[in-house]
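Please read the points below with the model open beside them. They are meant for someone who has not looked at this structure before.

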Amino acid sequence: MESSPMITVSRGRLGPTAARVFEEIRGGVALTRDEIVAGTGLSVATVGRTVGQLVSARILRERPDLATVGRNGRPGTPVEPDPTAYVVVGVHLGRRITTVALADLTGRVVAQQTAEHPPAAGPDLDEISRLAAELLGSLPGRSPLSLGLVAPWGELDLDPARVAAELHELTGLDVRYADHIAAVAATEFLNRRRGTGGVTLYVYARDTLGFAVAVDKGAQTEVSRVGSLTHFPTGSGAACPCGRTGCLQVTAGDEALARTAYDAGLVAEPEIESVHRAQEDPRVLALVRERATVLGQAVGQVRDMIAPDRVVLVGQAFTGWPPVLVDVVAAAERFAPAGAVPISFTRFGAGIQAAAASTIGLGRIYDDPLAAVPTLTRSARATRPAATARRVS
Ligand SMILES: [Zn+2]
């Protein structure tokens with residue numbers, strides 16, 4: 001069990017050789033050994049030996065069909081992450097929705113299920129391991145290597161170490177856990193890869209609101225400095241359970257928006273899904289636009305405090321409402337007319353929870369791919385987690 005208050009998203013020169021090779025290639029594009037040599041700075045012999053080990057371990061696979069003539073005239077057979085041998089399990093606990101997912105070694109989610117529960121009820125871990133076993137059963141032949149567990153722990157008032165220990169008991173898998181916002185930021189960072197030098201500020205908004213910062217230190221990149229924006233003051237009149245008024249979550253979180261629309265008689269239930277369905281209604285769109293302005297102002301203020309090189313906005317409170325993204329940016333710019341710090345939005349939409357949990361599960365493979373998978377001699381021991389997980393159902 002490992003906690004990740006700080007998530008290492010890019011290991012650069014500091015990882016073991018196999019981690020450096022895999023980092024070069026984990027984006028999913030097939031590369032030749034020459035290209036890996038060029039990208040990592042490792043020697044031809046080291047790359048050749050390490051790629052051989054990773055292919056034997058079924059982390060990478062050869063793609064002779066994509067072979068081209070290399071720069072030195074030798075034909076190069078590209079290799080890519082093998083999507084057929086292993087998966088990681090991702091478990092995301094939300095305030096209302098639990099997501100269980102399987103992802104391949106590039107972080108691509110290949111199967112997922114969600115279960116809804118009342119906000120007051122805790123996560124049903126038996127149900128979670130049953131869903132995981134069901135998903136594994138739908139992808140025969142793939143062994144799970146680890147489980148990533150992600151939640152807004154503070155918001156849910158849960159002890160991550162305890163939940164992780166229980167899930168380890170139930171599934172037999174190595175469990176890593178991380179804070180929701182940091183995991184979302186790490187996932188977004190890993191999927192950008194290019195143009196992410198310096199400091200990237202991620203602001204997340206949905207039911208929960210917060211930010212995280214990815215700092216490129218040259219040798220490695222970490223996502224850290226996670227901050228909650230739950231009680232960030234907006235000046236609104238909304239009463240917060242903390243005793244104050246105007247906190248960001250009760251003003252501009254998804255639940256607040258749904259409640260406002262419901263109280264105004266615009267939707268039949270106080271649910272964000274209902275607000276989505278009613279967004280053609282100009283009165284609903286006006287509420288969404290108002291919320292976008294509040295979020296944009298908060299983004300502008302946080303940007304002023306952190307002084308990053310770029311800002312990336314993630315979470316469905318942004319990505320779920322393309323028509324008002326322009327309002328978010330306008331409000332942020334009005335508040336902090338820096339202009340030079342670009343604001344962009346994630347490509348991740350509704351799938352971000354599954355992807356974030358899977359990213360945390362992949363940390364074990366990214367740290368040391370050869371140590372994370374069963375070798376031939378250890379294969380009996382390493383296939384047991386799958387069997388254990390299945391037995392639960
Ligand atoms: Zn508050």
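This is a predicted model: local features need pLDDT of at least 70, side-chain atom pairs count only at pLDDT 80 or more; totals for chains, interfaces and linings use all residues.

1. Residues are numbered from 1 along each chain as its sequence is written, and side-chain values use heavy atoms, with hydrogens and water left out.

2. Phenylalanine 22 sits in helix α1 (residues 17-25), helices being DSSP runs of H or I with at least four residues and strands runs of E with at least two, numbered from the N terminus. Phenylalanine 22 is buried at 0% relative accessibility (buried is under 20% relative accessible area, exposed over 50%, partly exposed in between, with a 1.4 Å probe and protein chains only). Beyond its neighbours within four places in sequence, its contacts (heavy atoms within 4.5 Å) include Ile59, Leu60, Ile365 and Pro369.

3. Serine 146, in strand β10 (residues 143-151), is likewise buried, with a relative accessible area of 1%.

4. In the packing of helix α4 (residues 125-138) with helix α6 (residues 160-171), Leu125, Asp126, Ile128 and Ser129 of α4 meet Val163, Glu166, Leu167, Leu170 and Thr171 of α6. The residues of this contact divide into 5 nonpolar, 2 polar and 2 charged (Ala, Val, Leu, Ile, Met, Phe, Trp, Tyr, Cys and Pro count as nonpolar, Asp, Glu, Lys and Arg as charged, and the others, Gly among them, as polar).

Technical notes: Axes are lines fitted to C-alpha atoms, for helices over the stretch in contact, and angles run from 0 to 180 degrees between N-to-C directions.
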